[in-house]
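Me: Hey, I've just opened this one and I'm new to it. Can we go through it together?
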Amino acid sequence: MDFQGINDRLLVLHAPGLLGADEPRPPDPADKKDKGRSGDPYVLVDPQQLVPFLEVCRDDERLRFELLVDLTATDPAVDDEQLWINVALLSVTHRHRLSIKCQLPKADPVLPSTTPVYRASQWHERECAEMFGITFAGHPDPRHMLLPDDWVGHPLRKDYEFPKEYHGISCE
Amino acid sequence: MDERSTATEQLEARVREAQVAGGGEQEFMLDVRTQDMEVNFGPQHPATHGVMRVLMRTDGELCTGAQPHLGYLHRCAEKIGENVEWLQYLPYTDRYDYLAAMNNNLGYSMAVEAVLGIEIPRRAEMLRVICAELNRIGSHLIAFGTYGLDIGAFTPFFYAFREREWMQALFEKICGARLTYSYIRIGGVFNDAPPGWLEEVALFCDTFEQKWPEYYDLLIENQIFIKRTANVGIIPHDMALDFGLTGPMLRASGIDFDLRRDLPYSLYGEIWKDGAFRIPVGKGEKGHLGDCWDRTWVRMVEMMESIKIVRWCLAHIEEGPVLGDLPKTLRVPPGEAYVGIENPRGELGHYVVSGGDKVALRVRVRGPSFTNLAVLEDLLPGSLVGDAIAIIGSTDIVVGETDR
Amino acid sequence: MESGTNAFLEVLRMAFGDLAPGWVLVLGSTLLAVGGALTLIAVNALFATWLERKVSGHIQCRFGPMYVGGWHGWAQSLADGIKLITKEDLVPRGGDRTLFMFAPALLLAAIFGAMVAFPITPQIYFANVDLGVYFILGLSALTTIGVVMAGWASNSKWSLYGAMREAAQVVAYEVPLGISLLVPVMVAGTFNLLDASAEQSGWYGMHWFIFRNPFMIPALVLFFVASLAETKRAPFDLPEAESELVAGFMTEYSGIRWSFFFMEEYAAMLLMSAVAAVFFLGGFESPLTHFANALWGDKLFVTADGVTSLSLAGLPYHLAAGLTLILKALFGVFMMMWLRWTLPRIRIDQVMTMGYKYLTPLSLLCVLGAGIWEAIRS
């Protein structure tokens, strides 16, 4: 199914947390500042209801997204109040993809962990948590993934300050 | 040292007690519980295919728990993506899966092209596919050679590298580098093929086709190899999907899915329609479906299928431009795209967010080795140490991609 | 048979004669014999490392050593030996220092002892041991203690793995090794290497044991496989499994101590091949020896003043016989090397299964069959 079909199906199923969809559009000729948006369409989902939403995606006959391909986050700008969670799903049976975006407040980024739905998200969430400071409630193994266990700070945030030294090694 | 002597002294004291009590020695011997040993498998180890550490708990030779520790090769690729320009980021992409660098270039270029919305010249697409498939052969050759080395067969490694040398020489002729190419760029490819290059690729295909059955018989059909890898590290159908495995690991478990055929990109849709290649799916020939032997088998057969794809491209390639017209300082319009391609190890995904600037807002690299590696936590417990080596080898990870 | 050490004794007597009392000459001849055995081990290690590198090279489509010394890098192992001697003597911190230093010495001592029973020619040997092959097998089994010592004293869990595997493997394969050897011992009627070799003369030097009994060929195959496991060669090289355990029990060893392990490995390979050569493939007997015996056989001994001693005129015979045995033993060594570079490694539980469940019953069957065959024939 193409994106329209998937979106319609999600609406029909009353998928929990579905807030809307965003599709690429050309620049608005009326607004000089608007450059439009290109690339992929995605659905916007409420982060607190991401888990039941993913369950619907995984279990529904027509959607059947068996694979969680990617779960990551984005910090769009220093002054932006929000962090995005980006999830990419893939269906092996129906051969279609879906991109999901959730928006979290930067001040307190907490959402339930999706590990009960897909085992694959366990490692992706660990990496997200350490890089962005997002807390995945109920994660079975919240250790650091790529960074050393005692690393301070969340590197992929736009306001991240690189430390001056680490264990006596200068980082200048 | 102190811990050990205390434990020994304690043990000795208990034995003395049992002896003094008389007849108690029998019960004592039944009660002796040996401690599980915690062994550090890596980060420096010949069999971990890079700097990776697996903390294994073993009871003698039986592994009772495994915890992979990553991050030894973390080079902040994603952070760098937010600090350098679009075109400048290309050499960084080479370096995550350094054994299949062409595919990395391809993934990144395609993701940016999806946001840019530009068309690639046909000759460039042809050269892209030829290089990506040749690199797939090279990467699978290393998987075959080093897996033999892990299992204890020293010789297939040399044969694999002899073929790989030729492949690297071909790439050196076309782009000047042997390992990290930066050849496939946004908008096409960097350089046109020098005269005679395409003929040499055809010669490589012919020679490799003759050598392949020898390698297959030497290692894959070897009884000892089969005994070591069949029925070892079985990944059942549901587990493969739950863990998000892609690539040969998914196909070896019997799931018929390949991005080149099912979500085609570049020229693969056309090539598939022409019936030029097929997708090998594990059949559980030598043991249970989804074991290490199946994964190695899928990789071996994929090499021959890549040869067929390269031959199709050589037959259909035409003259033309190889690089689209792009400004030196590229400004990508605002937008975001996720493009996943079939890397030799699985689905390599690039999620690219642009704010309209000359520097990306976010470059997310979804490395297949990272996702594939998670399966170790559930596969290793219950296997012997020798099997652990076989399983880790069969996941065919490159730590550059696991850690980025 | 004259005692072999008398050959050394005669040399000394010829050189010094009445200058020294008898006991000095005897002591000197014993030391010469000891030196000879050690030299044999060392020279074998030098040659075998060169051969291994050439064999592995050619199997892997490359040349191996080519430069050092000129012709095909023959002096490569000499150069390596000099390098090893000059290396730093490391003992891992926390490891048991005494055991660490003692282990390679024990290994070498055990194999040196076994080497003493190895004859050079039918008349020149270090000692004519009546127990012969039994003595060799027993002493070469002592090397296991050295390996376990080395693995434990290295204070490394990976070395410990290698040591444990070695202990299990050697114990498992001692049984088929010894039992499969019973087949030719039954036919020969003796453990003594020299007597067994002499039994195979006739048919122009081709009356080998392997042609005398249909159960000899399976016995030889079983013996060869068991000897691969005893000497820790691939496909049974788990104790030193390079890609799993870095170097297994040898990981923490460097320099001359490490070379002791390899001297022991190549000496054990040579010994096992030589035992197979003597008991299955004719030992000193071959058409070459047969003709040499015809020409120089009566010139071997010379009697002067009532004392029979070896004569220099019989040298061509000694060369022919010695060359025969060495070539047969080296063929076995070459087969072991060939297999190492071709076959992958077997897992430890599969090794144990093979040893206990397949090789042992098969070797017992061979002994039974060979015995029945001999009984029917006689």
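This is a predicted model: local features need pLDDT of at least 70, side-chain atom pairs count only at pLDDT 80 or more; totals for chains, interfaces and linings use all residues.

Me: How many helices and strands does chain B have?
Reply: Chain B has 18 helices and eight strands. Its C-alpha trace spans about 95 × 50 × 35 Å along the principal axes.

Me: What about contacts in chain B, how many link residues 24 or more positions apart?
Reply: Counting contacts with a separation of 6 or more, 71% are between residues 24 or more positions apart.

Me: Switching to pockets. What volume does the second largest pocket have?
Reply: Its volume is about 1100 Å³, and 40 residues line it.

Me: Which of those lie nearest the centre?
Reply: C:T49, C:R53, C:W258, C:F262 and C:Y266.

Me: Which helices supply at least two residues each to that lining?
Reply: From chain B there's α7 (155–175), and from chain C there are α2 (22–59), α3 (76–85), α11 (256–279) and α13 (315–342).

Me: Where does the largest share come from?
Reply: α3(C), which gives eight residues to the lining of the second largest pocket.

Me: And what's the lining like by class?
Reply: It has 22 nonpolar residues, plus nine polar and nine charged ones.

How values were computed. Residues are numbered from 1 along each chain as its sequence is written. Chains are lettered from A and ligands numbered from 1 in the order in which they are written. Side-chain values use heavy atoms; hydrogens and water are left out. On a 1 Å grid over the protein atoms alone, a cavity is a set of points where a 1.4 Å probe fits but cannot get out, and a pocket is an open set with protein on both sides within 12 Å along at least five of seven lines; lining residues have an atom within 4 Å of a point. Grid points are joined across faces, edges and corners, and a volume is the space filled by probe spheres set on the points. Helices (H or I, at least four residues) and strands (E, at least two) are DSSP runs, numbered from the N terminus. Ala, Val, Leu, Ile, Met, Phe, Trp, Tyr, Cys and Pro count as nonpolar, Asp, Glu, Lys and Arg as charged, and the others, Gly among them, as polar. Contact means heavy atoms within 4.5 Å.
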